[in-house]
Amino acid sequence: MRYILAPSLLAADFNILGQQIRETEEAGAEYLHIDVMDGIFVPSISFGMPLITSIRKTSRQFFDVHLMIADPVRYIREFADCGADGITFHLEAVEDADKVIAHIHKAGARASISIKPGTPVEEVYPYLSKVEMVLIMSVEPGFGGQPFMPEAYERIRQLRNYLDEKGLPVKIEVDGGLGKKNVRDVIAAGADVCVAGSAVFKKRSISENVSQFMKAFREMEELHRESFE
């Protein structure tokens with residue numbers, strides 16, 4: 001088992017964005033989490049295609065684009081064309097999830113489906129054979145810096161147990177309030193990909209912050225290996 005860190009650009013300093021992205025990549029972060037918000041599906045407005053196009057030139061990381069927008073199918077092709085490697089949409093934002101998944105794959109990107117904290121985990125079950133990842137929100141989407149909701153642990157465990165039972169190779173991503181104090185517990189519950197904003201871009205240097213996550217990942221990977229020996 002291998003775990004992945006996805007630094008969230010919402011917490012970055014846009015005055016030195018290129019430099020900070022390079023620091024995350026050099027320190028070992030394989031993904032870059034890019035939240036796109038439209039002010040409709042969630043209250044906030046963030047960045048869009050021009051930013052992704054711009055930073056794509058300077059990073060080899062996997063661009064994990066999280067669409068917190070209404071009717072996302074309208075823009076799937078455009079986000080893929082400007083550099084998204086994976087596209088996440090919210091189940092709550094669409095009427096036909098199968099159609100959105102098909103559009104993402106047709107555009108050449110990996111498909112991920114996300115649910116808010118109040119949406120039952122069972123609602124993603126019909127789509128698990130069609131997506132590469134599920135994003136469990138551990139905060140209400142739309143704002144950075146919120147505390148982790150402890151009830152997310154059970155939701156992660158429930159989804160992990162179901163995936164393992166069905167033998168489905170779907171990654172579980174967790175986003176919201178992750179840091180060095182709870183990342184091991186999130187992984188132990190069943191997460192593969194950990195999104196972190198403030199815990200990467202604030203306080204100490206970015207390299208130190210990412211190193212803390214990488215250390216935790218190595219420890220959990222070793223525990224996982226030992227459990228199967």
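A polar contact is a pair of N or O atoms within 3.5 Å; within protein, one atom must be able to donate a hydrogen and the other to accept it, and residues adjacent in sequence count only if both atoms are side-chain atoms. The model is predicted, so local features need pLDDT of at least 70 and side-chain atom pairs count only at pLDDT 80 or more, while totals for chains, interfaces and linings use all residues. Residues are numbered from 1 along each chain as its sequence is written, and side-chain values use heavy atoms, with hydrogens and water left out.

View 1. Strands (E, at least two residues) and helices (H or I, at least four) are DSSP runs, numbered from the N terminus. The side chain of Asp35 makes polar contacts with the side chain of His66 at 2.9 Å and with that of Ser8 at 3.4 Å. Asp35 is buried but has no salt bridge, and the nearest side chain of opposite charge, Lys202, is 13 Å away. Buried means under 20% relative accessible area, exposed over 50%, and partly exposed in between (1.4 Å probe, protein chains only). A salt bridge is a side-chain nitrogen of Lys or Arg within 4 Å of a carboxyl oxygen of Asp or Glu. For charge, Lys and Arg count as positive and Asp and Glu as negative; His and the chain ends are not counted.

**View 2. Phe47 in the loop between β2 and α2 (49-56).** With a relative accessible area of 14%, Phe47 is buried. Among the residues that Phe47 touches are Leu10, Phe14, Ile34 and Asp35, where contact means heavy atoms within 4.5 Å. Phe47 and Ile34 are 13 residues apart in sequence, and their C-alpha atoms are 8.4 Å apart in space.

**View 3. The two sides of helix α5 (residues 152-166).** The buried residues of α5 include Tyr153, Ile156, Leu159 and Leu163. What covers the buried residues includes β5 (110-115) and α6 (183-189).

**View 4. Ser114 in strand β5.** Ser114 counts as buried because its relative accessibility is 0%. Its contacts include His66, Phe89, Leu91 and Met137.

Note on methods
The expected span of a helix is 1.5 Å times one less than its number of residues. Lists of a residue's contacts leave out its neighbours within four places in sequence.
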